[in-house]
Amino acid sequence: MRCRFGRQVDDMLLMVNVDDVSGETISHVIEGLMALGAGSVHVTQGITKKGRPEFLFFVDSPEKRVEALGSFMASELGTLGIRVIETR
């Protein structure tokens with residue numbers, strides 16, 4: 001873990017997009033991710049093909065927590081794809 005500009009910087013960014021979840025589920029997932037060790041969690045709304053709404057999850061994570069956080073998102077959100085990006 002590194003510090004940049006006086007704040008902690010986590011090593012990895014997990015990104016997930018889902019289009020069939022409720023607000024209650026989003027809240028539950030955010031709380032669960034934070035409890036499992038996520039550095040921060042952000043969720044934004046977007047529009048997919050054919051004008052369908054979606055939610056994009058951005059999760060800052062220490063490298064050692066990526067598997068646990070990814071597994072939790074897969075089970076809670078039903079997503080099949082999680083993008084993992086190393087940050088600098």
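Guide: Let us begin with burial. Buried residues, those under 20% relative accessible area with a 1.4 Å probe and protein chains only, make up 34% of the 88 residues in the chain. This is a predicted model, in which local features need pLDDT of at least 70, side-chain atom pairs count only at pLDDT 80 or more, and totals for chains, interfaces and linings use all residues. Residues are numbered from 1 along each chain as its sequence is written, and side-chain values use heavy atoms, with hydrogens and water left out.

Visitor: In what order do the elements of the chain run from the N terminus on?

Guide: The order is β-β-β-α-β-β-α-β, made up of two helices and six strands. Helices (H or I, at least four residues) and strands (E, at least two) are DSSP runs, numbered from the N terminus.

Visitor: Which residues of H1 and H2 meet?

Guide: From H1, Thr-25, His-28, Val-29, Gly-32 and Leu-33 meet Leu-69, Phe-72, Met-73, Glu-76 and Leu-77 of H2, contact meaning heavy atoms within 4.5 Å. The residues of this contact divide into six nonpolar, three polar and one charged. Ala, Val, Leu, Ile, Met, Phe, Trp, Tyr, Cys and Pro count as nonpolar, Asp, Glu, Lys and Arg as charged, and the others, Gly among them, as polar.

Visitor: What is to be noted about the phi of Lys-50?

Guide: Most residues other than glycine have a negative phi. Lys-50 is not a glycine, yet its phi is positive, about 60°. Lys-50 is placed in the loop between strand E4 (40-47) and strand E5 (53-61). Its relative accessible area of 72% makes Lys-50 exposed, the word for values over 50%.

Visitor: Which residues is Pro-53 in contact with, leaving aside its neighbours within four places in sequence?

Guide: Those residues are Asp-19 and Gly-46. Pro-53 lies in strand E5 and counts as exposed, at 54% relative accessibility. The C-alpha atoms of Pro-53 and Asp-19 are separated by 6.1 Å, although these residues are 34 residues apart along the chain.
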